[in-house]
Amino acid sequence: MSEHVATVLLAAREAGSGVRGAVNLRYDPETVAALGESHPTVEFDAERETREAVADAVAAADRSADDEAETLVAYQTGAVGVEPIVYVLAPTAAEAARIVRGLL
């Protein structure tokens, strides 16, 4: 797991999500829209420190208490020197991979 994926996963957990697996994807608005049809989707600020930005976005996400371990999609659209990216955060790494495979 890359450092950024681990940072995003840990930040989501700090914000109350029970996710334990993550996969990162190249940003594409169509990918975010497709994932958003089935999963809560939050955008975080690429110009802020990643851990803080993700934690704030996840904490503010529209999720019920029953959704704390459910899949969540976090993304940012880039900034100067920062590539846009999408993270699929799920209860397990296998579930995150299954969701990503379903997009391909």
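Buried means under 20% relative accessible area, exposed over 50% and partly exposed in between, with a 1.4 Å probe and protein chains only. Helices (H or I, at least four residues) and strands (E, at least two) are DSSP runs, numbered from the N terminus.

This is a predicted model, in which local features need pLDDT of at least 70 and side-chain atom pairs count only at pLDDT 80 or more, while totals for chains, interfaces and linings use all residues. Residues are numbered from 1 along each chain as its sequence is written, and side-chain values use heavy atoms, with hydrogens and water left out.

**Helix α3 and the cores**

Helix α3 covers residues 50-60, and its buried residues are A53, V54, A55, A57 and V58. At the start of α3, a side-chain oxygen of E49 comes to within 3.1 Å of the backbone nitrogen of R51. V54 touches V8, A11, A12 and F44, if residues up to four places away in sequence are not counted; contact here means heavy atoms within 4.5 Å.

A nonpolar core is a set of buried Ala, Val, Leu, Ile, Met, Phe, Trp, Tyr and Cys residues joined through side-chain atoms within 4.5 Å. The largest has 20 residues, and those with the most contacts inside it are V42, F44, V54, V58, Y87 and L89. At least two residues of this core come from each of α1 (3-14), α3, β3 (72-76) and β4 (85-90). Another core, of eleven residues, lies apart from it and includes V32, L35, Y75 and A90.

**Aromatic pairs**

Rings of Phe, Tyr and Trp (its six-membered ring) pair if their centres lie within 6.5 Å; planes under 30 degrees apart count as stacked, over 60 as edge-to-face and the rest as tilted. The count comes to two aromatic pairs.

| Pair | Centre to centre | Angle between planes | Type |
|---|---|---|---|
| Y27 and Y75 | 6.0 Å | 20 degrees | stacked |
| F44 and Y87 | 6.3 Å | 35 degrees | tilted |

Y27 is in the loop between β1 and α2 and Y75 in strand β3, 48 residues apart. F44 is in the loop between β2 and α3 and Y87 in strand β4, 43 residues apart. Y75 is buried at 14% relative accessible area, F44 at 5% and Y87 at 4%.

**Two buried loop residues**

H39 lies in the loop between α2 (29-36) and β2 (41-43). Its relative accessibility is 18%, so H39 counts as buried. Leaving aside neighbours within four places in sequence, H39 is in contact with T71, V73 and I99.

S17 is in the loop between α1 and β1 (21-26) and is buried, with a relative accessible area of 4%. S17 and I99 are 82 residues apart in sequence and 18 Å apart in space, C-alpha to C-alpha.

Note on methods:
A polar contact is a pair of N or O atoms within 3.5 Å; within protein, one must be able to donate a hydrogen and the other to accept it, and residues adjacent in sequence count only if both atoms are side-chain atoms.
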